[in-house]
Amino acid sequence: MSTSSSYDSLIQSSASSDWERAYFYYVARGEKSIDEWIIDFLAAHIQLPENRKFSLFSSHTFFNAAIMSLPMQIYSRHEGRKRILGLQIADSSQIQARFAVEIEPQPQNARFHSTGNPLVDEENYRLWEELLFFQMCRRLLYDTGAVDFIVHEIRQHY
């Protein structure tokens with residue numbers, strides 16, 4: 001299995017055994033970096049709400065699964081007008097978080113600049129919010145040390 005399409009199909013599968021096979025076939029053999037595997041996996045499994053009438057940052061869980069026996073959750077919430085994106089990585093019993101962090105948008109990205117016309121702004125707002133979400137995901141994973149923590153945990157157990 002050395003083609004990119006077989007890697008993609010394993011990563012996108014809903015079966016956790018396929019995710020582990022992707023790890024052992026590609027990461028353990030040195031064809032993919034573990035960071036790349038984690039990001040590819042999350043990109044394939046983060047789910048945006050399909051019919052959202054309100055903000056993308058209304059209380060929602062975008063990802064809730066175990067990666068290589070490491071329970072992880074990516075969620076959003078808001079406090080007043082503050083958008084918050086959070087990540088929790090639990091222990092195997094899922095009782096207590098071993099790694100938990102929440103971030104807010106950077107000040108220069110915290111506000112959508114509107115024309116004041118809802119017919120024009122609605123689609124632009126949705127696109128802006130999705131871009132903000134993915135930018136915050138990147139910060140959540142890299143700037144907080146979450147990817148390093150996940151890599152460390154996976155390497156300890158596999």
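Analyst: The answers below go from the overall fold to the helices, the pocket and a few single residues.

User: Before that, what kind of model is it, and how are residues numbered?

Analyst: This is a predicted model, in which local features need pLDDT of at least 70 and side-chain atom pairs count only at pLDDT 80 or more, while totals for chains, interfaces and linings use all residues. Residues are numbered from 1 along each chain as its sequence is written, and side-chain values use heavy atoms, with hydrogens and water left out.

User: How many helices and strands are there?

Analyst: The protein has 5 helices and 4 strands, in the order α-α-α-β-β-β-β-α-α along the sequence. Helices (H or I, at least four residues) and strands (E, at least two) are DSSP runs, numbered from the N terminus.

User: What box does it fill, and what share of it is buried?

Analyst: Along the principal axes, the C-alpha atoms fill a box of roughly 55 × 35 × 25 Å. Of the 158 residues, 39% count as buried. Buried means under 20% relative accessible area, exposed over 50%, and partly exposed in between (1.4 Å probe, protein chains only).

User: What share of the contacts join residues at least 24 apart?

Analyst: Among contacts between residues at least 6 apart in sequence, the share is 48%. A contact means heavy atoms within 4.5 Å.

User: On to the helices. Which residues of α2 are buried?

Analyst: They are Asp18, Trp19, Ala22, Tyr23, Tyr26 and Val27. These residues cover an arc of only 150° around the axis, which puts them on the same side of α2. The arc is that of the directions from the helix axis to the C-beta atoms.

User: Why would residues spaced like that point the same way?

Analyst: An α-helix has 3.6 residues a turn, so residues three or four places apart point the same way.

User: And what does that side of α2 pack against?

Analyst: The buried residues of α2 pack against α1 (4-12), α3 (34-45), β1 (60-67) and α5 (146-157).

User: What about α3, which residues are buried there?

Analyst: In α3 the buried residues are Ile34, Trp37, Ile38, Phe41, Leu42 and His45. Seen down the axis of α3, they fall within an arc of 125°, so they line one face of the helix.

User: How far apart are the end C-alpha atoms of α3?

Analyst: They are 17 Å apart, which agrees with the 16 Å that its 12 residues should span at 1.5 Å a residue. The expected span of a helix is 1.5 Å times one less than its number of residues.

User: Changing topic: what is the volume of the largest pocket?

Analyst: Its volume is about 210 Å³. A pocket, on a 1 Å grid over the protein atoms alone, is an open set of points where a 1.4 Å probe fits, with protein on both sides within 12 Å along at least five of seven lines; lining residues have an atom within 4 Å of a point. Grid points are joined across faces, edges and corners, and the volume is the space filled by probe spheres set on the points.

User: Which helix supplies the largest share of the lining?

Analyst: That is α4, with 5 residues. Both α3 and α4 (118-143) supply at least two residues each. The lining includes Ile39, Leu42, Phe134, Cys137 and Arg138.

User: How many lining residues are nonpolar, polar or charged?

Analyst: The lining divides into 9 nonpolar, 1 polar and 1 charged. Ala, Val, Leu, Ile, Met, Phe, Trp, Tyr, Cys and Pro count as nonpolar, Asp, Glu, Lys and Arg as charged, and the others, Gly among them, as polar.

User: Is Glu153 buried or exposed?

Analyst: Glu153, in helix α5, is buried, with a relative accessible area of 5%. Not counting residues up to four places away in sequence, Glu153 touches Leu70 and Arg98.

User: And what does Ile150 contact?

Analyst: Leaving aside neighbours within four places in sequence, Ile150 is in contact with Ile38, Leu70, Met72 and Ile89. Ile150 also lies in α5 and is buried, at 0% relative accessibility.

User: Last one: what is the phi of Met68, and where is that residue?

Analyst: Phi of Met68 is near 50°, a positive value in a residue other than glycine. Met68 lies in the loop between β1 and β2 (70-79). Ser69, in the loop between β1 and β2, has a positive phi of about 65°. Most residues other than glycine have a negative phi.
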